[in-house]
Amino acid sequence: MSKVCLGEMMIGVSTKILGRKIIYFQEIDSTNEYAKRIAMEEEEGTLIIADVQRKGHGRRSREWASPRGGIWMSVILKPDVHPRHLIKIVFVGAVAVVEALEALGVEARIKWPNDILVNGKKICGILAEGKYSESKVDYIILGVGLNINVDKDALPPEATSLKEILGVELPLMDVFKVLIGKLEHWYGIFKRQEYDILFNRWRSRAILNRKVRILSEEGEFEGIAWDVDEDGALIVETPDGKMEKVIYGDVSLRYA
Ligand code: BT5
């Protein structure tokens with residue numbers, strides 16, 4: 001067990017790879033942006049965490065509310081896999097967050113591709129960003145934003161926090177330790193290329209068999225989301241019976 005200093009607190013972390021080095025900030029622009037700046041020089045597993053992000057972001061630079069009371073963190077990963085598998089890192093994050101919430105007694109569901117919902121409201125967003133060529137992965141950053149002791153009025157209306165759900169505040173460190181344990185477990189499964197195990201677990205917690213509307217820059221369409229394929233693309237059946245594959249990227253999904 002290694003000891004790390006987080007602000008004024010010394011914590012014991014029992015993971016072997018994730019968090020073997022932890023860089024903590026009281027305030028930062030974005031942990032993902034910081035991670036990208038240092039990723040080439042850092043070893044796999046270095047984790048950046050901040051109390052507050054001034055410019056936390058989601059996909060396509062969408063704003064991510066990051067006041068005090070949440071876990072805003074990014075892990076630098078350097079898996080030895082073909083770059084086409086990197087998208088599965090989002091699924092690693094989703095399954096780990098759902099299991100961490102379950103360990104705290106909260107049942108959560110995954111909305112493809114990167115949202116974790118409790119009672120239909122978003123409690124967590126996951127953002128994977130990387131540097132890779134056609135054949136080689138330099139790094140992939142797994143960013144996780146999880147609302148813990150965040151007040152409702154500091155969040156967008158469609159969001160929720162553990163505090164709102166449980167009615168009490170939780171020690172952030174306790175949640176953090178559970179979360180990185182789950183992340184390390186599922187990252188191990190990813191590294192061993194046990195993708196079936198990963199996707200089956202994901203399916204068991206995902207919102208599927210539902211009517212959805214897919215919105216992208218090319219337009220929008222409706223259909224029924226049945227499943228994901230082995231690359232994490234969402235399989236949607238359109239009203240005329242065609243099966244469309246929706247790839248993770250700049251698309252949004254709404255439940256119709
Ligand atoms: C995401 O983007 O859901 C990924 C968010 C990842 C945030 C983490 S925090 C640590 C690391 N550092 C960063 O800068 N980012 C990562 P997306 O699917 O684009 O969703 C963004 C949308 O979520 C916004 O447009 C809002 O509608 C909503 N949103 C913003 N802040 C939220 C919050 N704190 N909780 C729930 N929903 C939020």
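In the predicted model, a polar side-chain atom of Thr 31 lies 3.2 Å from a nitrogen atom of the ligand, a polar contact being a pair of N or O atoms within 3.5 Å. A polar backbone atom of Arg 59 is 2.9 Å from an oxygen atom of the ligand, and a polar side-chain atom of Glu 158 is placed 2.8 Å from an oxygen atom of the ligand. Of the accessible area that the ligand has on its own, 790 Å², the protein covers 92%, as computed by the Shrake-Rupley method with a 1.4 Å probe. Around the ligand there are 27 residues, of which Ser 30, His 57, Arg 62, Lys 122 and Glu 158 come nearest; a residue is counted here if one of its heavy atoms lies within 4 Å.

This is a predicted model, in which local features need pLDDT of at least 70 and side-chain atom pairs count only at pLDDT 80 or more, whereas totals for chains, interfaces and linings use all residues. Residues are numbered from 1 along each chain as its sequence is written, and side-chain values use heavy atoms, with hydrogens and water left out.

Helices H4 (residues 172–191) and H5 (residues 195–205) have axes that come within 7 Å and cross at roughly 135°, the axes being lines fitted to C-alpha atoms over the stretch in contact, with angles from 0 to 180 degrees between N-to-C directions, and helices being DSSP runs (H or I) of at least four residues, numbered from the N terminus. Trp 186, Ile 189 and Phe 190 of H4 meet Tyr 195, Ile 197, Leu 198 and Arg 201 of H5, contact meaning heavy atoms within 4.5 Å.

Notes
Helices (H or I, at least four residues) and strands (E, at least two) are DSSP runs, numbered from the N terminus. A polar contact is a pair of N or O atoms within 3.5 Å; within protein, one must be able to donate a hydrogen and the other to accept it, and residues adjacent in sequence count only if both atoms are side-chain atoms.
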